[in-house]
Amino acid sequence: MKANYVIVGAGISGCSIAYNLAVKGIKDIVVLDKSYLTSGSTGRCGAGIRQQWGTKMNCLLAKGSIEFFEEAKETLGYDGDIEFKQEGYLIISANEEEDEQFEKNVFLQQSLGIPSRKITKDEAKKIVPHLNTDVIVGATFCPTDGHLNPFKMTDAYFQAAQRLGVKFYFNEEVKDIVVKNRKIKKVISTNLEIKTRNVINAAGGYAKEIGDMAGVDIPVYAENHEILVTEPVEKIQGPMVMSFAKNLYCQQVPHGSFIMGRSNPDVLHNHSNESTWQFLDEMSKTVCEILPVVGNLRVVRQWGGSYTMSPDRQPIIGGTEDLKGFYLACGFSGHGFMFAPMTGILLSQIILKQKTMIDISDLQLNRFKNKQVFTYEKSVV
Amino acid sequence: MNKKDMIICRCEDVTLQDIHDLMDQGYTSVEELKRILRIGMGPCQGNTCGQLVQREVSKYLNVKLEEVKTYKVRPLTTGVKLNSIKEGANHES
């Protein structure tokens with residue numbers, strides 16, 4: 001079979017790219033996934049969406065994406081409920097150094113039109129009454145950050161893309177990308193052989209392996225980040241509560257359950273999605289200190305998913321110098337879900353050689369060439 | 001009995017009709033049904049609905065029951081309070 005574009009990965013990034021290309025009139029788009037819809041990082045994510053970042057690019061990607069999410073249900077014509085909630089992110093500073101950094105972050109965010117603000121302990125307590133303010137110095141708050149259901153949001157893109165003629169093939173693992181004279185010839189998957197000149201790598205945790213198949217070195221790696229969910233209860237918390245120093249994010253989703261996660265500084269670089277008792281112990285200690293009342297809730301389930309880390313903790317969105325027709329949307333470093341609308345818009349603009357909505361020269365793969373030291377995004381749990 | 005009145009997932013109030021509607025739309029794996037309907041995500045973690053959903057998918061696709069993959073089993077086996085886990089962890093260290 002033949003295709004104009006083959007997208008590898010049916011997570012939110014792949015579905016968003018497929019939709020954006022199709023809506024611009026591109027035909028013969030095929031999306032391949034090694035498993036089912038949202039089976040990878042998207043379906044395992046913490047479901048938060050935020051604009052409070054420390055780098056300009058991340059701020060702009062997040063801001064544009066939230067603007068899309070606000071209208072997503074109508075834009076994509078989705079019948080289901082995407083469970084969109086905009087009740088903010090409360091990011092607490094646990095020491096003076098962090099508090100000073102937050103001052104700079106808010107200054108940057110406000111300069112880009114993001115409605116975040118620096119607030120005191122007392123103001124934070126008013127926003128989340130069960131917050132233990134004894135262990136914090138201050139906080140920042142952005143009221144338009146929030147939550148979305150990752151399965152439903154991806155399903156919305158998936159259905160809209162299908163209506164525009166995009167073909168999805170599940171349980172189709174890409175095995176090889178055949179390249180001759182620096183041109184893509186075909187993609188070989190479990191049961192298919194697809195002749196194509198263009199491949200879009202939106203493979204999440206497996207982006208590096210897909211790059212290797214095409215002979216393009218992508219400096220990213222996957223690492224397991226664990227997460228848990230409690231039984232659902234009456235609503236007591238509006239915003240996501242987050243701390244980088246304490247290593248925590250915790251939000252009550254519209255369904256009523258609390259979702260929370262933290263990272264493990266010693267995690268190995270691999271594709272593990274295992275659940276560990278060590279995470280459960282550390283997570284319990286952390287959340288009971290910062291949000292003591294949440295300690296009364298029962299954990300019903302825990303799981304893991306890959307963050308795909310790039311050297312500067314910012315995504316790689318664009319084409320490649322060495323291989324014509326090979327495009328990347330990877331290295332989101334844990335934030336591919338919330339950036340997906342902009343990922344789809346920007347990559348489709350690059351592919352169709354249109355002017356991009358924002359300048360994304362800083363997101364190109366070649367930024368890592370001959371570079372050993374990076375200033376990187378620190379606002380990551 | 002009407003499919004709308006037959007509860008398959010008691011934790012999340014999902015009916016047989018809900019499941020059939022989604023299968024008609026093409027979501028025929030147990031994992032996909034779980035993600036869209038939350039079946040198996042409640043306090044019982046699929047202990048009640050898991051086999052029922054597996055049987056429905058098997059009937060719908062006309063394949064043998066043992067060929068229908070059911071949910072991946074995730075910890076914990078029963079709900080435990082975060083406070084209790086914290087106390088246990090402190091006691092051990």
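This is a predicted model: local features need pLDDT of at least 70, side-chain atom pairs count only at pLDDT 80 or more; totals for chains, interfaces and linings use all residues.
The contact between the chains draws 28 residues from chain B and 32 residues from chain A. About 2700 Å² is buried between them. Carbon and sulfur atoms give 58% of that area. Twelve residue pairs are in polar contact between chain B and chain A, counting pairs with both residues at pLDDT 80 or more. On the side of chain B that touches chain A, the elements that give two or more residues are α2 (30-37), β3 and α4 of chain B. Helix α4(B) supplies the largest share, seven residues. By class, this side of chain B has ten nonpolar, nine polar and nine charged residues.

Helix α4 of chain B spans residues 82-92. Its residues L82(B), N83(B), I85(B) and A89(B) are buried. Seen down the axis of α4(B), the buried residues fall within an arc of 160°, so they line one face of the helix. An α-helix has 3.6 residues a turn, so residues three or four places apart point the same way. The face of α4(B) turned away from the buried side carries E87(B) and H91(B), both exposed. The cover over the buried residues of α4(B) includes elements of both chains. From chain A come β13 (221-230), β16 (258-262), α7 (277-290) and β17 (298-309). From chain B comes β3 (80-81).

A search of the whole structure finds 17 salt bridges over all chains. One salt bridge is found across the interface of chain B and chain A. Its partners are R38(B) and E83(A), with the closest N and O atoms 2.8 Å apart. E83(A) lies in the loop between α2 (56-75) and β4 (89-93) of chain A, and R38(B) in the loop between α2 and α3 (50-61) of chain B, so the pair joins two chains. Both E83(A) and R38(B) are buried.

Within chain A, the side chains of D312(A) and R367(A) meet in a salt bridge, at 2.8 Å from N to O. This pair links distant parts of the chain, 55 residues apart. D312(A) sits in the loop between β17 and β18 (316-319) of chain A. R367(A) sits in the segment after α8 (336-351) of chain A. D312(A) has a relative accessible area of 5% and is buried. R367(A), with a relative accessible area of 11%, is buried as well.

Chain B holds a salt bridge between the side chains of E31(B) and R35(B), at 2.6 Å from N to O. Both residues lie in helix α2 of chain B. They are four residues apart, about one turn of the helix. The relative accessible area of E31(B) is 13%, and the residue is buried because the limit is under 20%. R35(B) is buried too, with a relative accessible area of 6%. Salt bridges that share partners join E83(A), K152(A) and R38(B) into one network.

Two buried strand positions of chain A complete the description. T140(A) is placed in strand β6 (residues 138-142) of chain A. Its relative accessibility is 4%, so T140(A) counts as buried. The side chain of T140(A) makes a polar contact of 2.7 Å with the side chain of Q52(A). Leaving aside residues up to four places away in sequence, T140(A) touches Q52(A), Y89(A), L90(A), I91(A), F102(A), V106(A), R117(A), K118(A) and I119(A).

A329(A) is placed in strand β19 (residues 326-330) of chain A. At 3% relative accessibility, this residue also counts as buried. Residues up to four places away in sequence again being left out, A329(A) touches I17(A), N201(A), A202(A), I316(A), T343(A) and L347(A). A329(A) and F368(A) are 39 residues apart in sequence. Their C-alpha atoms are 15 Å apart in space.

Conventions:
Residues are numbered from 1 along each chain as its sequence is written. Chains are lettered from A and ligands numbered from 1 in the order in which they are written. Side-chain values use heavy atoms; hydrogens and water are left out. Buried means under 20% relative accessible area, exposed over 50%, partly exposed in between (1.4 Å probe, protein chains only). A polar contact is a pair of N or O atoms within 3.5 Å; within protein, one must be able to donate a hydrogen and the other to accept it, and residues adjacent in sequence count only if both atoms are side-chain atoms. Contact means heavy atoms within 4.5 Å. The arc is that of the directions from the helix axis to the C-beta atoms. Buried area is the accessible area (1.4 Å probe) that two parts lose on being put together, summed over both. A salt bridge is a side-chain nitrogen of Lys or Arg within 4 Å of a carboxyl oxygen of Asp or Glu. Ala, Val, Leu, Ile, Met, Phe, Trp, Tyr, Cys and Pro count as nonpolar, Asp, Glu, Lys and Arg as charged, and the others, Gly among them, as polar.
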